[in-house]
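Q: I've got a model open on my screen and I'd like to learn how to read it. Could you walk me through it, feature by feature?

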Amino acid sequence: MKKLAISLTFLSLIFASCSSSDDDTVTPPPSGSGEITGDITASKTYIKGTYTLSGTVRVKKDVTLTFEAGSVITADATNGPDALLVEKDGKLVITGTAAEPVVFTEKSKTPGSWGGIIIFGDAPIVSGKTADGTPITTATSEDGTNIVYGGSNQTHSSGSLKYVRVEYAGKKILDGNSEMNGFSFYAVGSGTVLENLVAYKGADDGFEFYGGTVSAKNLVSYGNTDDSFDWQDGWQGQANTNWYAYQTGAGNFGMEIEAKSVNNAFFPKVSNITLRRAAGTTTEAAGSVEYDAIQFKKDGNGEYSNIVISGFTTTGSVAVRIQEAATNTNQVTGGKIKLLNVKVDDAATPLTGTGATGFTIAFPTGNFTTSTTATGAALTPGAWAIVDGVNLLEKL
């Protein structure tokens, strides 16, 4: 009986310690809020929260700006031009997740209301050549900030962007020339991580690369009114995969590929690409002929594989257009354009076309191959690709 009494006493202590009548309170994690404006001159972390973006916020040299998963940052066009800009040797670290992305949006939800995310790195570019053929290795940005870009550090890092969505960007500055995109990467190096990014309903390109060596994985360009993916200045990212473009309402090229008329010995590589154009989609400007799935011009080149193309059925559209004779000679005949395992879902869409007269496209054997089993991009659904209840991957 003594042992039983001890056991009962021990059990009563256990149940007492686990009683649901305890007055313990659970403290929720802190949530951030406030305005982000001006120059970021000291490293700073914004915890998960809701913030406003005011003006062009610049991350300065040797400074790291960090956003935690689940944060929402809202610009407001009525307060003037807004953008998040990372200067050379500054870093942006955004650690979203599939369930809790970091979202940059705009109050009015109007395409072209702000400047998106702009990053300047220190990797090489080739922006043209002098009269004697010498490569030009610097250029001035076309975003209205007039920053000179182009460096020598191929592995330079500008930080890490994971599960980030930019909405309603692509602002055009009213000087007749300057433009911003959803994401703009100027001379960004291969040490930078770009994964699971969404450019949603911008008024210019979804993603644009201005030279550099950075690669990007799992990209979604949805409803952007210019090109879904665009690059120039000798961009040479080598590990790009799973790119998905869905054009709806208005849109130009699925991919616009150029290299400032420099016949580079290098080229980018992208695998697993899906380019879709919704019925009724028009070009950005009335009467424009920028309606092809892929366009190569000014010595643009590259290797692209496992490609699915559909919906580019406007009269005159082709799957792949070679714009001028020099690009055809240097890049097609020269073997620097490779399109492997291409599936075009629309029988009425020609595989190739030219942008000028006087030349014929003839890919070397094995450099343009078609497939009935190409699968294109493979992306995992989640909150990162859902806007206002719409699953952006539904048409994938």
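This is a predicted model: local features need pLDDT of at least 70, side-chain atom pairs count only at pLDDT 80 or more; totals for chains, interfaces and linings use all residues.

Q: Which way do the side chains of β17 point, and are they buried or exposed?

A: When you read a strand, look at the directions and then at the burial. In β17 (residues 207–210), F207 and F209 point one way, E208 and Y210 point the other way, and all are buried.

Q: Which strands pair with β7?

A: Strand β4 (residues 64–68) pairs with β7 in the parallel sense over 5 bridges, with T66 opposite V93. Strand β14 (residues 159–167) also pairs with β7 in the parallel sense, over 4 bridges, and there L92 stands opposite G159.

Q: What lies in the loop between β6 and β7?

A: D89 is found there, with β6 covering 83–86. Its relative accessible area is 25%, so D89 counts as partly exposed. Leaving aside residues up to four places away in sequence, D89 touches K61, D62, V63, F120 and H156. For another view, take R58: it is 31 residues from D89 along the chain, and their C-alpha atoms are separated by 12 Å.

Q: Now for empty space. How do I find it?

A: Rolling a probe the size of a water molecule over the atoms shows where empty space is left. In this model the largest pocket has a volume of about 230 Å³. It is lined by 16 residues, and the closest to its centre are E179, D230, E256, E258 and K297.

Q: Which elements give two or more residues to that lining?

A: They are β19 (229–232) and β21 (255–258). β19 gives the most, with 3 residues.

Q: How do the residues of the pocket lining divide into nonpolar, polar and charged?

A: The pocket lining has 1 nonpolar, 2 polar and 13 charged residues.

Q: How many cavities of 30 Å³ or more does the structure hold, and what lines the largest?

A: The structure holds 1 of that size. The largest cavity has about 50 Å³ of space. Its lining is W231, G234, W235, I257, E258, A259, N264, F266, F267, P268, G300 and N301. By class, that lining has 7 nonpolar, 4 polar and 1 charged. Notice E258 in this list; E258 is also among the residues closest to the centre of the largest pocket.

Q: Which residues other than glycine have a positive phi, say A187 or N272?

A: Both of them do. A187 has a phi near 55° and sits in the loop between β15 (183–186) and β16 (193–200). With 0% relative accessibility, A187 counts as buried. N272 has a phi near 65°, but its place is in strand β22 (residues 269–277). At 21% relative accessibility, N272 counts as partly exposed, because buried means under 20%.

Q: Let's zoom out. How many helices and strands are there in the chain?

A: The chain has 2 helices and 30 strands. Its C-alpha atoms fill a box of roughly 105 × 50 × 40 Å along the principal axes. Of the 396 residues, 52% are buried. Take the contacts between residues at least 6 apart in sequence: 73% of them join residues at least 24 apart.

Q: What does the pLDDT say about the chain?

A: Look at the average, then at the stretches that fall below it. The chain averages a pLDDT of 93, and 93% of the residues score at least 70. Over residues 1–22, though, the pLDDT is below 50, and this stretch has 2 contacts in the model beyond near neighbours in sequence.

Key
Residues are numbered from 1 along each chain as its sequence is written. Side-chain values use heavy atoms; hydrogens and water are left out. On a 1 Å grid over the protein atoms alone, a cavity is a set of points where a 1.4 Å probe fits but cannot get out, and a pocket is an open set with protein on both sides within 12 Å along at least five of seven lines; lining residues have an atom within 4 Å of a point. Grid points are joined across faces, edges and corners, and a volume is the space filled by probe spheres set on the points. Ala, Val, Leu, Ile, Met, Phe, Trp, Tyr, Cys and Pro count as nonpolar, Asp, Glu, Lys and Arg as charged, and the others, Gly among them, as polar. Two strands pair if DSSP finds at least two bridges between them. pLDDT is the predictor's confidence in each residue, from 0 to 100. Contact means heavy atoms within 4.5 Å. Buried means under 20% relative accessible area, exposed over 50%, partly exposed in between (1.4 Å probe, protein chains only).
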